[in-house]
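Biologist: I would like to learn how to read a structure of this kind. Please take me through it one feature at a time.

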Amino acid sequence: MSFRAKSRARFPWYRAKPKILIPNQLECGNIKFHQRRVTCLEFHPTKNNVLLSGDKKGLLGIWDYVKLHEKITYDSVHSCILNSMKIDTTNDGMLYTASSDGTISYTDLDTGIGSPLLNLNPNGWNGPSSWRMIYGMDLNTNKGLLLVADSFGFLYFLDRRSKTTIGRPILIHKKGSKVTSLHCNPAQPEVLLSSGNDHYARIWDTRKLEVNSPLASLAHGRVVNSGYFSPQSGNKILTTCQDNRIRVWDYILGDLQSPSREIVHSHDFNRHLTPFKAEWDPKVSDYTETVAVIGRYISENYNGVALHPIDFIDTSSGKLLAQVMDPDITTISPVNKLHPQDDILATGSSRSIFIWKPKTEDELTEERTKQKAKEYVYGSGSRKKSNGKHGNSSDDDSDDDSGRKNKKAKKTRFTHAAKGKGKSKI
């Protein structure tokens, strides 16, 4: 069956647009769970209340946000920025992670023990001109492949069964340019979408992959932070670019020379922030595949306090569905992930993680909202060093932070909780 036929069969045109529930109430937070800024989030696919997180220092966090205090951190997975992670679809106790230290790790979530699958810097640090970092990573579950892309524009294939590389790396973006993201089409995994800082997103057929042979090249004004196919049909494309534009292509088999629409949005930044990425709502209930979430760089004045909202956008019209904020969160929230089944939003803001849920009917009045307490627990980023001082809380350093030695994996559990009061706003 063709790609077009698969898409039509799975998602007929007559299905009604579902009701959208916005997770606009801050439920709980893990304050300074990480020692450096949060760089990626993933919900565990089978343990419904478990959130995985990575940070700039390479630390991997595991948090059960319902039990609140059930949290584990592993600091031996990578030596610097953890950029991407994927649960092994054949073994949900194992995790693939990609890092700016140039390695892919395969880590046991129960023990924190990982085995390296790929090391692009076997000779260690020889200067920035030769140091390869890994940002893009995705799984082709049909073929048992792990796809990885580096900061020099090359794509690598790893066999998930034998844990070995296949063939030679292929140049898919301008030589010397960073590949920022990879995404396999959910309906036809052989079709790959890559994004790069050469100002292009590109579509590839990985069965006939050759240099300079993309199926399509989607031009952008500046660096492309990310590109994703729509989560169910794979018919649409959503990209986030540093020119303060979110671009949407409504049909992958249509005219791709220009996007169906460009949505102006504030997400350009200088440095010291994790790049903003607009992501689809992955829930199967959204057959229209129109809702996307992204943090906002520019602030809003909220009762005299500068807050940075998280925006829910209707990609079919470009309209703002909701802006979610809370007076307890005054930092920028560039990392956001929607739950694949539940109406829950996870947010990474600086070194902290927050969970949002929709307001219930009895919480809609202002008075009720004022009375609702939000639970916070304090994490590893607020622990003191042996000299009595807190660790450095600043993220004002280079992303090429790759010299840290590995430590023994350890579990850390926290018991200090606090409650706060505040409002959330749409």
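Biologist: How many helices and strands does the protein chain have?

Modeller: Helices (H or I, at least four residues) and strands (E, at least two) are DSSP runs, numbered from the N terminus. Here the protein chain has two helices and 32 strands. This is a predicted model, in which local features need pLDDT of at least 70 and side-chain atom pairs count only at pLDDT 80 or more, while totals for chains, interfaces and linings use all residues. Residues are numbered from 1 along each chain as its sequence is written, and side-chain values use heavy atoms, with hydrogens and water left out.

Biologist: What percentage of the residues count as buried?

Modeller: Buried means under 20% relative accessible area, exposed over 50%, and partly exposed in between (1.4 Å probe, protein chains only). Of the 426 residues of the protein chain, 56% count as buried.

Biologist: Which residues touch the most other members of the largest nonpolar core?

Modeller: A nonpolar core is a set of buried Ala, Val, Leu, Ile, Met, Phe, Trp, Tyr and Cys residues joined through side-chain atoms within 4.5 Å. The largest one has 18 residues, and Ile 104, Leu 146 and Val 148 touch the most other members. Two or more residues each come from β7 (94–99), β8 (103–108), β9 (114–119), β10 (134–140), β11 (145–150) and β12 (154–159).

Biologist: What is Leu 146 in contact with, leaving aside its neighbours within four places in sequence?

Modeller: Contact means heavy atoms within 4.5 Å. With those neighbours left aside, the contacts of Leu 146 include Tyr 96, Ile 104, Leu 117, Phe 157 and Arg 160.

Biologist: How many salt bridges are found in the whole structure?

Modeller: The search finds 17. One of them joins Glu 42 and Lys 337, with the closest N and O atoms 3.3 Å apart. Glu 42 is in strand β2 (residues 38–43) and Lys 337 in strand β28 (residues 335–338), 295 residues apart. Lys 337 counts as buried because its relative accessibility is 14%.

Biologist: Which residues are linked in a network of salt bridges?

Modeller: The network links Asp 243, Arg 245, Arg 247 and Glu 262. Asp 243 is in the loop between β19 (237–241) and β20 (245–249). Leaving aside neighbours within four places in sequence, Asp 243 is in contact with Gly 221 and Arg 222.

Biologist: Where does UniProt place the feature "repeat: WD"?

Modeller: UniProt positions are given in the numbering used here, feature names are shortened, and annotations may be inferred rather than shown by experiment. The unreviewed UniProt entry places the feature at residues 31–64 and 217–250. Residues 31–64 are 0% helix and 53% strand, with end C-alpha atoms 14 Å apart. Residues 217–250 are 0% helix and 56% strand, and their end C-alpha atoms lie 16 Å apart.

Note on methods
A salt bridge is a side-chain nitrogen of Lys or Arg within 4 Å of a carboxyl oxygen of Asp or Glu.
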